[in-house]
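My entries follow in the order in which I checked things.

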Amino acid sequence: MFELDSDDPTPLYAQLGRAIRTAVATGRLKAGDRLPTVRQMAVDLRVNANTVARVYAELERSGVLATRRGVGTFVTSSGVGAAGRPGLERRLLALGDRFLAEAQALGFSAREAIAALEARVSSEGGGHADQPDERRP
């Protein structure tokens with residue numbers, strides 16, 4: 001279900017957390033979907049079980065996942081947690097600022113960087129960069 005890139009400088013726990021959040025945001029994982037156990041996910045991804053446990057715990061604290069003892073770990077109905085949305089949007093804007101600053105440092109304009117990002121989203125089929133977003137002005 002998820003793939004990690006050992007050549008990516010991003011820590012494995014951050015890659016997995018991002019992959020789960022992306023799956024929830026794009027609808028690949030829906031409210032009520034059960035995730036593999038910590039042990040099974042660790043075996044599937046060939047990572048330490050503590051890495052998976054850390055990701056599950058962080059996503060549970062942020063409201064993306066809920067664990068029911070003896071039953072499993074599930075995607076919550078809110079997914080991202082509506083109450084935390086304004087804070088998440090601020091973090092998204094800060095992420096965008098860092099992305100554009102790094103792209104500029106590499107010699108790309110903001111338009112080139114955004115076009116590259118949109119092309120990547122389109123090629124992965126997970127997002128809908130070509131569809132309007134009601135949050136855009």
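Entry 1, the sheet. I began with strand 2 and strand 3, which pair in the antiparallel sense over four bridges. Two strands count as paired if DSSP finds at least two bridges between them. Helices (H or I, at least four residues) and strands (E, at least two) are DSSP runs, numbered from the N terminus. This is a predicted model, in which local features need pLDDT of at least 70 and side-chain atom pairs count only at pLDDT 80 or more, while totals for chains, interfaces and linings use all residues. Residues are numbered from 1 along each chain as its sequence is written, and side-chain values use heavy atoms, with hydrogens and water left out.

I looked up the bridge partner of Thr67 in strand 3 and found Thr73. The hairpin of strand 2 and strand 3 has three residues between the strands, and Gly70 there takes a positive phi near 80°.

Next I checked strand 1. It runs antiparallel to strand 3 (residues 72-75) and is joined to it by two bridges. Leu35 stands opposite Thr73 of strand 3. I then wrote down the whole sheet: it is open, has three strands in the order 1-3-2, and its pairing is antiparallel. Strand 1 (34-35) and strand 2 (65-68) are at the edges with a single partner strand each, so one side of each has no neighbour in the sheet.

I also noted which way the side chains of strand 3 go. Gly72 and Phe74 point one way, Thr73 and Val75 point the other way, and all are buried. Buried means under 20% relative accessible area, exposed means over 50%, and partly exposed is in between (1.4 Å probe, protein chains only).

Helix 3 (residues 49-61) lies across strand 1, strand 2 and strand 3, and runs at about 110° to strand 2. Axes are lines fitted to C-alpha atoms, for helices over the stretch in contact, and angles run from 0 to 180 degrees between N-to-C directions.

How do helix 2 and helix 3 cross, and within what distance do their axes come? The axes of helix 2 (residues 38-45) and helix 3 come within 8 Å and cross at roughly 120°.

Val38, Met41 and Ala42 of helix 2 meet Ala49, Val52, Ala53 and Tyr56 of helix 3.

Arg46 is in the loop between helix 2 and helix 3. Its phi is near 60°, a positive value in a residue other than glycine. Is Arg46 buried or exposed? Arg46 counts as exposed, because its relative accessibility is 77%.

Gln15 is in helix 1 (residues 12-25). Gln15 has 5% relative accessibility and so counts as buried. Leaving out residues up to four places away in sequence, Gln15 touches Leu4, Asp5, Asp8 and Thr10.

Glu112 is partly exposed, with a relative accessible area of 43%. The C-alpha atoms of Glu112 and Leu100 are separated by 9.8 Å, and the two residues are 12 residues apart along the chain.

How values were computed. Contact means heavy atoms within 4.5 Å.
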